[in-house]
Amino acid sequence: MSLQAEKLFSLAGKTVVLTGASGYLGRTFSRALLENGARLVALGRSDRLMSEVQGWQQEFGKDRVAAHQIDMYDLDKLDALLDAITQCEPRIDVIINNAHELGPQTGFNTPAGSLENASFDQWNRHFLGGLYCPTRIVQKLGVKMKEAKIGSIINISTMYALVAPSPSLYEGTELLNPPGYSASKAALLSYTRYLAAFWGGHGIRANAILPGPFSNVEDSGSNSVAKDNPFLDRLKSRTCLKRIGHPTELAGCLLYLASDASTYMTGQALVVDGGWTIV
Amino acid sequence: MTEIIKDPQMPQLFDLTGRVAVITGGTGLLGRQHALALGHAGAKVVLLDLPGSKPNLVAQQLSQTEQFAAIGIAGDITCEEEVEAAALKVLQHFGRVDILINNAANNPKMEGTLGIAWSRLENFPLAVWQADLAVGLTGAFLCSRVFGREMARQRAGVILNIASDLALISPDQRLYRQAGVPEDQQPVKPVTYPVIKSALLGLTRYLATYWAEAGVRVNSISPGGVANAQPEDFVQKLRQLIPLARMARIDEYQGAVLFLCCDASSYMTGANLVIDGGRTCW
């Protein structure tokens with residue numbers, strides 16, 4: 001095994017399935033995977049997926065990226081897609097469960113999402129999209145990993161699986177981080193450990209990444225924050241490093257877990273939060 | 001402050017060219033592996049270890065066979081003056097220090113040993129307690145103070161503390177049991193090891209917050225046991241406690257060490273990476 005960093009963290013020859021591939025973090029994840037040699041099977045719901053994938057195919061080659069536009073809440077369609085991926089991909093080395101709906105329907109940034117008001121439908125969408133779908137993807141695509149006796153599963157959780165959002169962060173703003181987000185992401189951690197324990201003997205590893213504040217300051221969607229929003233200052237001052245993270249600052253962690261650099265790590269949660277949770 | 005890297009391309013992300021790394025216990029089993037991880041990524045490496053371990057010679061051999069810059073410094077990290085002197089030597093030789101790995105620890109092998117009733121808590125000598133803490137904890141404090149001060153001065157640097165899975169869980173003394181040995185003679189993993197390793201997690205968080213604004217990041221790893229020709233019955237018992245059902249290979253921590261010492265982890269501080277084959281997740 002080569003210990004040169006370039007080879008140790010290389011994904012050359014590996015196929016990676018990534019959900020939420022065209023989202024704020026997903027776009028950087030996709031680039032990090034592609035720049036380091038992976039074949040990318042990109043899943044996403046928005047139309048943006050197809051335009052992003054077109055660009056990646058131009059840059060890295062058509063055969064390096066497969067795109068599947070899907071609304072995972074349609075569980076029949078999800079199953080059909082997973083069957084199709086199992087059939088047409090000769091190998092699956094890495095699964096990255098990154099997608100999570102961050103909008104009004106899951107109660108983000110609306111009074112309707114508060115602890116007092118959160119609806120059954122919101123809770124359901126958190127646990128269906130954020131927990132059940134990852135488990136279904138692993139059930140279906142994991143068969144290939146078990147056959148190959150090797151695989152790495154990476155679940156994108158959040159620091160809010162460990163600590164609660166502080167209400168004072170949101171005072172006087174339109175912003176709100178709903179309870180179903182914390183709860184479903186914490187459940188994803190338990191699932192990660194369960195998976196690590198039961199499939200470790202098959203050579204399959206399962207770990208989670210817990211990002212801290214990586215506010216989307218680049219887009220203008222329902223989950224983005226304007227660069228001059230005072231909320232950002234509150235976030236920054238809450239961290240030890242006194243700033244929010246940039247998506248590229250998760251790339252190293254992702255490459256570490258996806259590559260053979262982490263072959264003895266399983267069942268763990270890697271916290272990348274600028275020190276938020278240690279004080 | 002570390003610059004944010006706009007392009008996640010690996011060679012830059014994991015590159016340590018021009019940086020100087022000090023590794024305590026640098027001639028040891030894992031210390032040498034840390035040196036390989038950082039040296040191959042472009043760092044100049046300083047092996048700081050006791051004179052008896054011949055750090056000069058080991059560094060010379062490393063730089064010859066591995067083609068990176070390495071020097072050895074003989075010194076006792078439990079002695080304030082010697083740590084200060086070592087820092088002077090590093091600065092004289094390389095002009096800077098960017099990375100410190102607090103790796104040194106006494107780690108007596110308990111598996112497969114007999115007649116070591118001294119390791120049992122009831123008998124554990126105060127002198128051994130003090131000697132173990134002096135190396136594993138006081139040494140880490142002194143090195144962090146001296147080398148971290150330089151990093152804070154240059155507004156950039158990384159400290160990595162080598163903890164253990166035994167910082168999170170207690171040793172399972174059943175692993176070390178020998179058939180036919182009376183209860184009060186059974187070998188055990190000494191109390192000092194998990195105590196020191198747990199304390200290193202506290203030191204990690206303290207230093208991470210203390211020097212956050214000075215641009216010094218501080219993290220730890222918690223590795224599991226490394227396969228090193230331990231007795232088969234010990235390995236068999238240990239395997240059952242680990243989801244991956246094996247001990248670690250000697251080179252399996254290099255990825256984590258490099259990751260935490262380079263800019264790929266620029267937003268990570270105060271964290272602990274557990275690399276234990278899953279032992280603590282179930």
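## The sheet of chain A

In chain A, seven strands form an open sheet in the order E3-E2-E1-E4-E5-E6-E7, with parallel pairing. Its edges are strand E3 (65-69) and strand E7 (269-272) of chain A, each of which pairs on one side only. From one strand to the next the twist averages 15°. The model is a predicted one.

Within this sheet, strand E1 (residues 15-18) and strand E4 (residues 94-97) of chain A run parallel and are joined by three bridges. A:Val17 is placed opposite A:Ile95 of E4(A).

Two helices of chain A may be described against the sheet. Helix H5 (residues 120-148) of chain A lies across E1, E4, strand E5 (151-156) and strand E6 (204-211) of chain A, and runs at about 175° to E4(A). Helix H8 (residues 248-258) of chain A also packs on the sheet, where it touches E4, E5, E6 and E7 of chain A. The direction of helix H8 of chain A makes about 170° with that of E6(A).

## Contact between the chains

How many residues of chain A are in contact with chain B? The contact involves 50 residues of chain A and 48 residues of chain B. The area buried between chain A and chain B is about 4,200 Å², and carbon and sulfur atoms give 66% of this area. Across the interface of chain A and chain B there are zero salt bridges, although the count over all chains comes to 26 salt bridges.

Nine of the twelve residues of H2(B) are buried, so the helix is largely enclosed by the rest of the structure. Among the buried residues of H2(B) are B:Leu30, B:Gln33, B:His34, B:Leu36 and B:Leu38. The partners against which the buried residues of H2(B) pack include strand E1 (20-24), strand E2 (44-49), helix H3 (55-66) and helix H8 (254-261) of chain B. Strand E4 (99-102) and strand E5 (157-162) of chain B also belong to this set of partners. After H2(B) comes B:Gly42, with a positive phi near 110°.

B:Gly26 is located in the loop between E1 and H2 of chain B. Its relative accessibility is 0%, and B:Gly26 therefore counts as buried. Apart from neighbours within four places in sequence, B:Gly26 is in contact with B:Gly31, B:Arg32, B:Leu47, B:Leu48 and B:Asp49.

## Strand E5 of chain B

Six of the six residues of E5(B) are buried, so this strand is largely enclosed by the rest of the structure. Both of its faces are covered: B:Gly157, B:Ile159 and B:Asn161 are buried on one side, and B:Val158, B:Leu160 and B:Ile162 on the other.

E5(B) is joined to E4(B) by four bridges, and the two strands run parallel. In this pairing B:Asn102 stands opposite B:Asn161 of E5(B). E5(B) also pairs in the parallel sense with strand E6 (residues 216-223) of chain B, over six bridges. There, B:Ile159 has B:Val218 in E6(B) as its bridge partner.

## Salt bridges

The following table gives selected pairs.

| Pair | N to O distance |
|---|---|
| A:Asp219 and A:Arg48 | 3.6 Å |
| B:Arg249 and B:Asp251 | 3.8 Å |
| B:Arg249 and B:Glu252 | 3.4 Å |

A:Asp219 lies in the loop between E6 and helix H7 (230-238) of chain A, while A:Arg48 belongs to helix H3 (residues 48-60) of chain A, so their pairing ties together parts that are 171 residues apart in sequence. A:Asp219 is partly exposed at 27% relative accessibility, and A:Arg48 is partly exposed with a relative accessible area of 35%. Both residues belong to a network of salt bridges that links A:Arg27, A:Arg48, A:Glu52 and A:Asp219.

In chain B, is B:Glu252 buried or exposed? At 3% relative accessibility, B:Glu252 counts as buried. B:Asp251 is buried too, with a relative accessible area of 16%, whereas B:Arg249 counts as partly exposed at 38%.

Notes: Residues are numbered from 1 along each chain as its sequence is written. Chains are lettered from A and ligands numbered from 1 in the order in which they are written. This is a predicted model: local features need pLDDT of at least 70, side-chain atom pairs count only at pLDDT 80 or more; totals for chains, interfaces and linings use all residues. Side-chain values use heavy atoms; hydrogens and water are left out. Two strands pair if DSSP finds at least two bridges between them. Axes are lines fitted to C-alpha atoms, for helices over the stretch in contact, and angles run from 0 to 180 degrees between N-to-C directions. Contact means heavy atoms within 4.5 Å. Buried means under 20% relative accessible area, exposed over 50%, partly exposed in between (1.4 Å probe, protein chains only). Buried area is the accessible area (1.4 Å probe) that two parts lose on being put together, summed over both. A salt bridge is a side-chain nitrogen of Lys or Arg within 4 Å of a carboxyl oxygen of Asp or Glu.
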